[in-house]
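Subject: Structure handover

Hello,

I am passing the structure on to you, with notes on what was found in it. Please have it open while you read.

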Amino acid sequence: MAIDASLTWPTPRSAYIHVPFCRHRCGYCNFSVIADRDDLIDRYLRAIDAELALLQRPTIDTLFIGGGTPTHFRDEALRRFFGIVSQRFALAPGYEWTIEANPEDIDDETLDVIATAGVNRVSLGVQSFHDPKLQTLERGHSGEIATTVVRKVADMIENVSIDLIFAAPNESVSQWRSDLETALSLPITHLSTYALTYEKGTQFWNRKLRGELSPASETAEVAMYELARQITADDGLEHYEISSFARPEKQCRHNIAYWEGRGWYAAGPGAARFVRGVREGNHRSTTTYLKRIESNQSPVAESEPIAWEQHARERAAFGIRMLRGIDLSEIGVQTGIDLHQLLDDSITQLQAQGLVERTGHHVQLTHDGVMFADMVAREFL
């Protein structure tokens, strides 16, 4: 398939920074995290500054500080970190700047540091409001602390998102309903819900193998997911992506940049970027990342140039996660790939299974297809 030689990759307008520090690694976590190593924070701050300096201060629309637990930094380190970020990026008017936070880390001073820096969106890792479930998930806060912190943050930063986990061991549908109802009674603008997964290599994976944890049944997991869709809709939240629900105009713009394949910068241990047609991932080990930066070596562990056809397929696969669907012609114009021709057989088969619907150039998941979004995405890849 001939590709238009005039096609160029867009300049990224988003950036992600990974902060690996946590006070404790939760049993289900498979992210690039390092616990109980606050002695590395000073080295990390110098290293992240050195990595970001290579970008030459690009202008961006969205910035996401994730982890790990960025708010694990104490206030002096947090100020230093924000100073580095502000020096290395120019935020465009109307920017979205998100920071992930754990409820137990938020006090008045920390919240003031966050707000003063210019952060205008906070994503709280609540996971549940039920203490027994929080203990099972090895979280460090109580349900009472979580509700108090959500209100405290919303008083200062209006755009508050929370994460909730469902299908935890021994969790009932009625308990999950209670979590949802509590969340929606609070001043949140965005909700993300995730079924508990048992990733190979995590403590939960090992405990499941030993019979210490029993995963929820598929029937219960489906019932909980459908309940989330129903309750959020009744409360006026738009289900705009498989796991994401938002008040009007409060969709996560940063994540949408991922799903639309627009490209993004990224820095920190394990951070993955997509810049001008090349996908790269830094070393996941924090100590390896630091040593490489300190010895003037690249922190990159993996690098892969992406062909236009692969990019077009990925645009379709990730974009279909958004419930508004994808426009095959729009992707075709931007990539030079005729997805009508490339994906026609797959889309026809998915239509026959009742998983997608196609109207002209537009393809989107059906109500039933939402439950099989991963399978649909694999067909596009």
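The notes below take the sheets, then a pair of helices, then the aromatic rings.

Please keep in mind that this is a predicted model.

**The nine-stranded sheet**

Nine strands make up an open sheet with mixed pairing, and their order is E9-E10-E8-E7-E6-E5-E4-E1-E11. The edges are strand E9 (238-241) and strand E11 (265-267); each has a single partner strand, so one side of each has no neighbour in the sheet. On average, neighbouring strands here are turned by 20° against each other, direction ignored.

Within this sheet, strand E8 (residues 190-195) and strand E10 (residues 244-246) run antiparallel and are joined by three bridges. His190 has Ala246 of E10 as its bridge partner.

Two helices pack on the sheet. Helix H5 (residues 143-156) touches strand E6 (121-127) and strand E7 (160-166), and its direction makes about 175° with that of E6. Helix H6 (residues 173-184) touches E6, E7 and E8, and the direction of H6 makes about 180° with that of E7.

**The three-stranded sheet**

Another open sheet has three strands in the order E12-E13-E14, with antiparallel pairing. Strand E12 (272-275) and strand E14 (300-305) are its edges, and because each has a single partner strand, one side of each is left without a neighbour in the sheet. From one strand to the next, the twist averages 15°. Four bridges pair E12 with strand E13 (residues 278-282) in the antiparallel sense. Opposite Phe274 stands Arg279 in E13.

**A helix pair**

Helix H1 (residues 41-53) packs with helix H10 (residues 286-294) at an angle of about 55°, and their axes are 10 Å apart. The two helices are therefore oblique to each other. The crossing of H1 past H10 is left-handed. On the H1 side the contact is made by Arg43, Tyr44, Ala47, Ile48, Ala50 and Glu51, and on the H10 side by Tyr289, Leu290, Lys291, Ile293 and Glu294. Sorted by class, this contact has seven nonpolar residues, four charged ones and no polar ones.

**Aromatic rings**

How many aromatic pairs are there? The count comes to 16. In one of them, Trp9 and Trp308, the ring centres are 3.9 Å apart and the planes are at 5°, so the pair is stacked. These two residues are 299 residues apart and link distant parts of the chain: Trp9 lies in the segment before strand E1 (14-19), and Trp308 in helix H11 (residues 308-319).

Regards

How values were computed
Residues are numbered from 1 along each chain as its sequence is written. This is a predicted model: local features need pLDDT of at least 70, side-chain atom pairs count only at pLDDT 80 or more; totals for chains, interfaces and linings use all residues. Side-chain values use heavy atoms; hydrogens and water are left out. Axes are lines fitted to C-alpha atoms, for helices over the stretch in contact, and angles run from 0 to 180 degrees between N-to-C directions. Angles under 35 degrees count as roughly parallel, over 145 as roughly antiparallel, 65 to 115 as roughly perpendicular and the rest as oblique. A crossing is left-handed if the near helix is turned anticlockwise from the far one by less than a right angle, and right-handed if clockwise. Contact means heavy atoms within 4.5 Å. Ala, Val, Leu, Ile, Met, Phe, Trp, Tyr, Cys and Pro count as nonpolar, Asp, Glu, Lys and Arg as charged, and the others, Gly among them, as polar. Two strands pair if DSSP finds at least two bridges between them. Rings of Phe, Tyr and Trp (its six-membered ring) pair if their centres lie within 6.5 Å; planes under 30 degrees apart count as stacked, over 60 as edge-to-face and the rest as tilted.
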